[in-house]
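Below are questions and answers for a reader new to this structure. Each answer ends on the value or name asked for.

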Amino acid sequence: MTRRIERLHRFSGERSITRFLSKFVTNGLNLFKVHAMCCSTLTRSLIDRFFLIVAVPAYAAIFSLAKEPITEGEEDPVMKDLDPYLIEALYGTDEKGLTGRLGAEGGMADLLAEPAFVDLVEKHDLKLFNGPMVGDLLPTSAKFWVRTAGPAKVQVLIGDQVSKLVETAEADDFTAVMTVEGLKPFAPYTYAISLDGERIERDSFRFRTAPEPGQKVEFHVAFGSGSRYVPVNEHAWSTMAKQRPLAYLGLGDNVYIDVVNRRGAQRLFYYRRCLSPAYSELVAGVAMYAVWDDHDMAMNDSSGGSGLEASWKLPNWKVFIQNWNNPEYGGGKTMPGTWHSFSLGDVDFFMTDGRFYRDKEDKTMLGPDQKRWLLEALANASGTFKVIASGTMWSDDADKNGKDSWAGTWARDEREEIFHLINESKIDGVVLISGDRHRSDIWKIDRPGGYPLYEFVSAKVTNLHKHPTFPNAVWSYNEGNFWGQLHFDLLQDDPIVTFKCVDISGRVVKEFPLKLSQLRHP
């Protein structure tokens with residue numbers, strides 16, 4: 001690759017390089033993979049020049065690359081005050097929108113250096129700037145995430161049970177995660193936050209722990225995608241919170257960033273979302289589990305490619321892990337990503353990351369390490385139901401000819417490995433969920449020698465744009481805003497999982513129950 005590009009530069013000039021590299025623009029982030037493959041400083045500089053002059057405008061034209069923050073319809077007084085300031089500081093308000101006043105890597109420390117921002121924090125009592133966010137539920141413990149406006153000593157208080165005292169710092173953008181142990185299974189709790197000795201309590205500071213394996217209970221989880229910050233639709237989160245799901249599964253596109261190399265802009269979108277009063281109400285009482293998809297990892301339909309050589313990958317991952325409360329983040333620092341698994345009683349969940357190591361040339365959605373993890377975890381799963389989550393759709397007919405989903409010719413073999421394991425190892429109780437396309441679907445995937453796999457798609461929690469419905473689906477819907485819900489009834493002799501599509505008013509648009517006996521191998 002290096003020799004090819006430098007030969008073109010030496011003998012044919014920049015136009016030939018442009019023609020050669022242009023083919024990568026239409027294949028997600030493959031250009032970053034090419035950049036990583038080229039060891040020559042000259043070659044990399046040529047690619048950088050191409051990217052700035054040709055690729056960025058092409059991405060913008062083809063994929064609507066830059067999705068500027070939406071402020072129209074904002075009614076919250078705090079956001080009315082704070083949002084314009086944050087946008088100008090971290091995103092930029094000029095016509096090009098290249099960067100904010102604080103530069104490409106701006107963050108909370110830079111904001112706090114400005115007296116005007118400190119005044120806004122004091123005016124609106126925002127020392128607890130974001131959170132708390134509940135996560136990583138276990139039968140006897142839970143974790144709590146916060147962001148403070150500057151260094152602070154933080155602790156979580158649940159009756160006599162107290163977390164360790166943690167001090168937030170600039171290195172983690174003033175975030176902290178605290179664990180409270182010694183709780184009872186599937187029990188409701190209220191809690192308080194101690195911040196520099198001040199006790200903070202709100203009505204939304206209440207949650208329920210996870211059931212124990214074998215515990216006969218009913219509960220539901222919500223899931224969704226397509227969650228751009230849209231002021232007029234933010235009340236969706238409050239509606240969801242009032243229905244008291246045990247957890248929410250964010251299947252990517254949890255915020256719309258569409259910026260690859262500006263961590264300041266990425267932080268902006270997380271700050272805004274977590275400042276939303278409705279979203280704050282949800283995350284304070286509902287355990288959050290999240291992976292990213294294209295719009296919160298990089299750009300529309302993007303592929304991270306194999307390896308970690310691309311300069312944007314680790315910094316973007318660091319921003320992600322600073323803003324969520326997952327049990328794990330891929331394989332950690334040695335194999336970073338957003339995939340993870342967890343269990344709520346007798347239900348096992350597998351959250352896959354189909355972006356960070358997606359490589360169409362290598363014909364992989366997950367990358368070898370994540371695939372190995374998923375296959376081993378599935379083979380050892382003991383839950384009554386197993387939910388496999390993907391940021392993009394599983395079914396052959398659910399996407400634009402497989403361009404960006406598991407239906408792509410480049411991804412089908414890997415998908416078949418997963419489905420084959422389910423048949424070969426007689427893994428019962430599997431259901432699939434996904435996001436990405438701005439509608440809600442039910443798909444049935446017939447499997448020779450096994451039971452049919454059902455896929456439930458939901459991806460329009462707050463977004464304005466919708467995608468067409470599919471008449472060949474079992475059911476397809478795209479009106480208004482909505483999210484998915486999985487209700488688990490483990491009290492029955494034949495346990496039931498019920499998919500529900502719930503709209504922004506709380507109305508159930510569709511119910512689709514499945515008994516465990518329908519998800520068993522013959």
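Q: How many aromatic pairs does a search of the whole structure find?
A: The model is predicted, so local features are given at pLDDT of at least 70 and side-chain atom pairs at pLDDT 80 or more, while totals for chains, interfaces and linings use all residues. Residues are numbered from 1 along each chain as its sequence is written, and side-chain values use heavy atoms, with hydrogens and water left out. Rings of Phe, Tyr and Trp (its six-membered ring) pair if their centres lie within 6.5 Å; planes under 30 degrees apart count as stacked, over 60 as edge-to-face and the rest as tilted. On that basis, the number of aromatic pairs in the whole structure is 34.

Q: Which residue forms an aromatic pair with Tyr189?
A: The two rings are 6.0 Å apart centre to centre, with 25° between the planes, and the pair is stacked. Tyr189 lies in strand β7 (residues 188-190) and its partner in strand β10 (residues 206-208), 18 residues apart; helices (H or I, at least four residues) and strands (E, at least two) are DSSP runs, numbered from the N terminus. Both residues are buried, that is, under 20% relative accessible area, where exposed means over 50% and partly exposed in between (1.4 Å probe, protein chains only). The partner of Tyr189 is Phe207.

Q: Is the pair of Tyr454 and Phe512 stacked or tilted?
A: A pair of aromatic rings is described by the distance of the centres and the angle of the planes. For Tyr454 and Phe512 the centres are 5.6 Å apart and the planes stand at 50°, so the pair is tilted.

Q: How many residues apart in sequence are the parts tied together by Tyr454 and Phe512?
A: Tyr454 counts as buried because its relative accessibility is 9%, and Phe512 counts as buried because its value is 18%. Tyr454 belongs to strand β19 (residues 453-458) and Phe512 to strand β23 (residues 508-515), so the parts tied together are apart in sequence by 58 residues.

Q: Which residue has the charged end that sits over the ring of Tyr229?
A: A charge sits over a ring if NZ of Lys or CZ of Arg is within 6 Å of the ring centre and within 35 degrees of the ring normal. One case is Arg262, which lies over the face of Tyr91 at 5.0 Å from the ring centre. Over Tyr229, at 4.5 Å from the ring centre, sits the charged end of Arg272.

Q: How many residues has the largest nonpolar core?
A: A nonpolar core is a set of buried Ala, Val, Leu, Ile, Met, Phe, Trp, Tyr and Cys residues joined through side-chain atoms within 4.5 Å. In the largest one, the residues with the most contacts inside it are Leu344, Phe456 and Phe488. Leaving aside neighbours within four places in sequence, Leu344 is in contact (heavy atoms within 4.5 Å) with residues including Leu137, Phe219 and Tyr289. The number of residues in the largest core is 84.

Q: Which residue in β17 stands opposite Val387?
A: Strand β16 (residues 385-390) is joined to β17 by five bridges, and the two run parallel; strands pair if DSSP finds at least two bridges between them. From β16 the chain crosses through helix α14 (residues 412-424) to β17 in a right-handed β-α-β crossover. Right-handed means that, with the strands pointing away from the viewer, the path from the first strand over the helix to the second runs clockwise. Opposite Val387 stands Val431.

Q: What is the bridge partner of Leu432 in β19?
A: In a regular strand the side chains alternate between the two faces of the sheet. In β17 (residues 430-434), five of the five residues are buried, with Val430, Leu432 and Ser434 on one side and Val431 and Ile433 on the other. β17 also pairs with β19 in the parallel sense over three bridges. In β19, the partner of Leu432 is Glu455.

Q: Is Asp493 buried or exposed?
A: Asp493 is in the loop between β21 (482-489) and β22 (496-503). The C-alpha atoms of Asp493 and Leu516 are 9.4 Å apart in space, and these residues are 23 apart in sequence. Because its relative accessibility is 84%, Asp493 counts as exposed.
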